[in-house]
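Let us take a walk through this protein together, one piece at a time. Keep the picture open beside you as you read.

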Amino acid sequence: MAEQIIGPSWTSYEQTVQHILQLEDMITVLSPQDRPLIGGIGGDSVPLLPSKPVLNRVFSWQEEEEPQPYGTVAEAIDISETAWDVADGTAANWRVGDFIRCEDEVVQVTAIDTSGDPDVLTVVRASAGTSAATHATGSALQGLGTVLPEGQLGGASYLGRDLVENYTQIFSGTVEVTETEQIIPKYGVPSELAKQTALQLKRIHLEMENSAVTGIKRQDSATRRRMSGGFKSFVTTAANVDSSSTFATLGTVEALMAVIHGNGGETDGMVFMSNEANFAALNNLTDTGRVRVTEVGDSRRGRSQARILMTEYGDVTLARNRRLLSTDGLLYSPQRFNKRDMRPLVMFPLAKTADTVKYGIVGECGWQVKAADQAARFSALDATDTFPTSGLV
């Protein structure tokens, strides 16, 4: 039946059926899909999470600490005490026969006990012509080496290797499209199958990003379901987690870098990643602790986005990630935080049901956080808090 125009009179422009619909071919995607860890930031698309292959559902790596002739006493030492408590796991930094300086006193190690917590060093007091003295908890210990007669050697010093492991996790999804949907032409969608595949892949990548940061290492013994532990599962030591600062500033970031540096970490070239709202203090114009590069013709001259944080411990690349929780900030070295791929994401056809075609997408990977004490994070950032007046420079 022909279209009928209701009313006493009508004009040709009131017809609708034969009019060309003024619809743009471009479809506006309302949900942000940025994936900096997996897909990179900006036009270079360089991922902020390097990838390496792995061959098993459980993958491991070894971490070794080199014995260092440094430490602190874990108790107050009186003037006659010969059994000195030192922090658990640090007594192996010394050897029987070593001389240690604590403030103005030198002592000689005669026995080492690592069986308890804390470790215990048995020492001879007031060696090398020094006088015995009291020492407060936390007093520094500095190794002076062995002082032996000619022809003798110092004892062995050995720290065992730690075996750290994580699981791979299966990431998957299904794409389902009827043959009719494939045939019907649509604005901005040359292929409904390709469109739905792209959306499913983006969703899986976002799930990977979440897992890389907040995943919890777990395997169900009955169903064999595996979840890969993420960055926050490995970086848990209190000294490496700033749970009090509400702003990321030059001062608070540098304080975490000092902890990493003290643990033997390489701090130059690290990445600091957080939600955009948490960069307010780092973008502050009064922050003279970093260098801004702004072209004269730039319309934003004098108000540019911070890209690099220059600290005493090296330069830090700043990376925004709107998907991170507003409380979180990650500080890591790209060489130590990696994506371990067991099988890349692939798409394959499933059994066809009636007039519907189905495809599966599946991949498997896990996350490696090497030397967790050489990474750090914020856990209580709050951009709504009162803007800081210190620590900016």
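**A sheet and the helix on it**

Strand 1 pairs with strand 18 (residues 337-349) in the parallel sense, over three bridges. Strands here are DSSP runs of E with at least two residues, helices are runs of H or I with at least four residues, and both are numbered from the N terminus. Two strands count as paired if DSSP finds at least two bridges between them. One of the partners to look for is Pro53, whose bridge partner in strand 18 is Asp341.

Before going on, a word about the model: it is predicted, so local features need pLDDT of at least 70 and side-chain atom pairs count only at pLDDT 80 or more, while totals for chains, interfaces and linings use all residues. Residues are numbered from 1 along each chain as its sequence is written, and side-chain values use heavy atoms, leaving out hydrogens and water.

Four strands form an open sheet in the order 1-18-19-10, with mixed pairing. Strand 1 (51-53) and strand 10 (169-178) are the edge strands, each pairing on one side only. From one strand to the next, the twist averages 35 degrees. Helix 3 (residues 192-214) packs on this sheet, touching strand 10, strand 18 and strand 19 (356-369), and its direction makes about 160 degrees with that of strand 10. Such angles run from 0 to 180 degrees between N-to-C directions, with axes as lines fitted to C-alpha atoms, for helices over the stretch in contact.

Next, find Glu209 in helix 3. Is Glu209 buried or exposed? Glu209 counts as buried because its relative accessibility is 4%; buried means under 20% relative accessible area, exposed over 50%, and partly exposed in between (1.4 Å probe, protein chains only). Not counting residues up to four places away in sequence, Glu209 touches Arg35, Pro36, Leu37, Ile38, Gly39 and Asn321, where contact means heavy atoms within 4.5 Å.

Another glutamate, Glu105, sits in strand 6 (residues 105-113) and is buried too, at 0% relative accessibility. A polar atom of the Glu105 side chain lies 3.1 Å from the backbone nitrogen of Ala126, and one lies 3.2 Å from the backbone nitrogen of Ala133.

Our last stop is Thr267, in the loop between helix 5 (250-262) and strand 14 (270-274). Thr267 is buried, with a relative accessible area of 4%. Its neighbours in contact include Met257, His261 and Asp315.

Key. Polar contact = N/O pair within 3.5 Å; in protein donor to acceptor, adjacent residues only side chain to side chain.
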